[in-house]
Amino acid sequence: MAVTASVQSSSDFRFPADSEIRRIISERIENRKQRVGIVVGLVGPEGRRIVARGHSGKDSPRFVDANTVFEIGSVTKIFTAMLLADMTQRSEAELADPIAKHLPEEMVVPQRGGKEITLADLATHTSGLPRIPDNFSPAADPVNIYADYSIEQLYQFLSNHQLTRDIGAQWAYSNLGYALLAQALTWRAGADYETLVRNRIFTPLGMKSTAIILSPEMKARLAAGHNLASEAVPNWDLTTFAGAGGLRSTANDLLTFLEMALGIKQTPLAPALDATLAVRRPTGMHSEWGLGWGIMKSGEDEMIWHNGVTGGYTSFIGFLMKEKVGVVVLSNTSAAGVENVGYHLLNPEIPLSPPPKQHIAMAIDPCLYDGYVGRYHWQEDFILTVTREGDHLFVQATGYEKVEFFPEGERDFFSKGVDAQITFEVDDGGRAESLVLHLDGQRMPASRISE
């Protein structure tokens, strides 16, 4: 998602007071009922601050804090990109290397126009690969969607896939690309992903609470994940896709990482961090993408960021390059809006999402629903499945229970259970070609992928 507001840049930058941050996150937890717990971490030359609100579980008495463990989803990608940058610093790989150079010989990687996909193409989301492979079907466990997707399935997909975009020509976010990047790096290094990222990044930085497989002590600090309706959901198990979204971490650990990124903490990893920002490719949305990072340029400053969403959690990490300040926001609810808080704290000109408005159901011809029924590709790896049951329309997101949506117009629908609305975009025959999910004040398009 692109944010086009200008980035604040001033020598006297100040974060809001803790009381204001507490008001912002309390409003989301207590008034909007959108979150179970939220932890905000702030860091700058003057030190770090933590503001937390809510609980580690809907029915848990334990409050979230700086050491609570959360799934961080796609924020994992910045660490995968750091691994790539570190390996180039050690002359173990080059950004221009074809990925086939760092994969088993029997592995077939698609090409197009005489060009091969490089490590840099994967890291900048310009490989031409789709967001998820077309043989990705989480039927075995619709809640834990990655658990049974194997490396053999990934290789099978790549062997049969025909690229539809020229390599390096167009930015398109791809979890598949980062899964493949991690596979290439680990095959080159001869170590599994978690071992590699721990030895190369976490241990040197002193990040002791970031991992995929949790120790008993970390499990005791793990916040339970919750879906949009604040119902507890299982954790995701990402094996083949570990490098795209498999890590768990804490606000304290991520602030430690930001201290390195901002130059507050001096480490040998600083050149690798610089390298992740040196390569940039346009997204076509008033921003650029480096190795693992989204980059919003405006005026004399830059906002560097990434967010993450899993079945039960949301996350944001970002910093201002020249102001030398950073923000982490973690929540144990899978809902949009956490990144909005992060953007706003780094730049008050980016407004907070407004509170939900009231919606009133109206009567329309249920036959219109037939044109809306189908599967739509939403953000990350979520699919929205729209079904009709008699005179009722239901929407089910990957990993969630189906939810009834009520009409407030022929193409506009809303949920009574969560603050979510859908607008169908139809052709002349009334068949929806795409939809827009309005969630927590944000507009998120989804394209139809099947009937």
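Trainee: How many bridges join strand 1 to strand 14?
Mentor: Strand 1 and strand 14 (residues 325-331) are joined by 6 bridges and run antiparallel. Two strands count as paired if DSSP finds at least two bridges between them. Strands (E, at least two residues) and helices (H or I, at least four) are DSSP runs, numbered from the N terminus. Within this pairing, Val 40 stands opposite Val 329 in strand 14.

Trainee: What kind of model is this, and how are its residues numbered?
Mentor: The model is predicted, so to speak of local features requires pLDDT of at least 70 and side-chain atom pairs count only at pLDDT 80 or more, whereas totals for chains, interfaces and linings use all residues. Residues are numbered from 1 along each chain as its sequence is written, and side-chain values use heavy atoms, with hydrogens and water left out.

Trainee: Which sense does the pairing of strand 1 with strand 2 have?
Mentor: Strand 1 pairs with strand 2 (residues 47-54) in the antiparallel sense, over 8 bridges. A hairpin of 2 residues joins the two strands, and Gly 44 has Gly 47 as its bridge partner in strand 2.

Trainee: How many residues of strand 1 are buried?
Mentor: In strand 1 (residues 37-44), 8 of the 8 residues are buried, so the strand is largely enclosed by the rest of the structure. Buried means under 20% relative accessible area, exposed means over 50%, and partly exposed lies in between (1.4 Å probe, protein chains only).

Trainee: Which residues point each way from strand 1?
Mentor: Gly 37, Val 39, Gly 41 and Val 43 point one way, while Ile 38, Val 40, Leu 42 and Gly 44 point the other way. In a regular strand the side chains alternate between the two faces of the sheet.

Trainee: Changing topic, which residues touch the most other members of the largest nonpolar core?
Mentor: Of its 108 residues, these are Phe 79, Phe 257, Trp 293 and Phe 424. A nonpolar core is a set of buried Ala, Val, Leu, Ile, Met, Phe, Trp, Tyr and Cys residues joined through side-chain atoms within 4.5 Å. A second, separate core has 27 residues, including Val 40 and Leu 320.

Trainee: Is Lys 77 buried or exposed?
Mentor: Lys 77, in helix 2 (residues 76-89), is buried, with a relative accessible area of 0%. Its side chain forms a polar contact of 3.1 Å with that of Tyr 173. A polar contact is a pair of N or O atoms within 3.5 Å; within protein, one must be able to donate a hydrogen and the other to accept it, and residues adjacent in sequence count only if both atoms are side-chain atoms.

Trainee: What else is Lys 77 in contact with?
Mentor: Leaving aside neighbours within four places in sequence, the contacts (heavy atoms within 4.5 Å) of Lys 77 include His 125, Ser 174 and His 306. His 125 is itself buried, at 1% relative accessible area, and its phi is near 60°, a positive value in a residue other than glycine.

Trainee: Where is pLDDT under 50?
Mentor: It stays under 50 over residues 1-10; pLDDT is the predictor's confidence in each residue, from 0 to 100. Where pLDDT is low, the predicted coordinates should not be read in detail. The mean pLDDT of the chain is 90, and 92% of its residues reach 70 or more.
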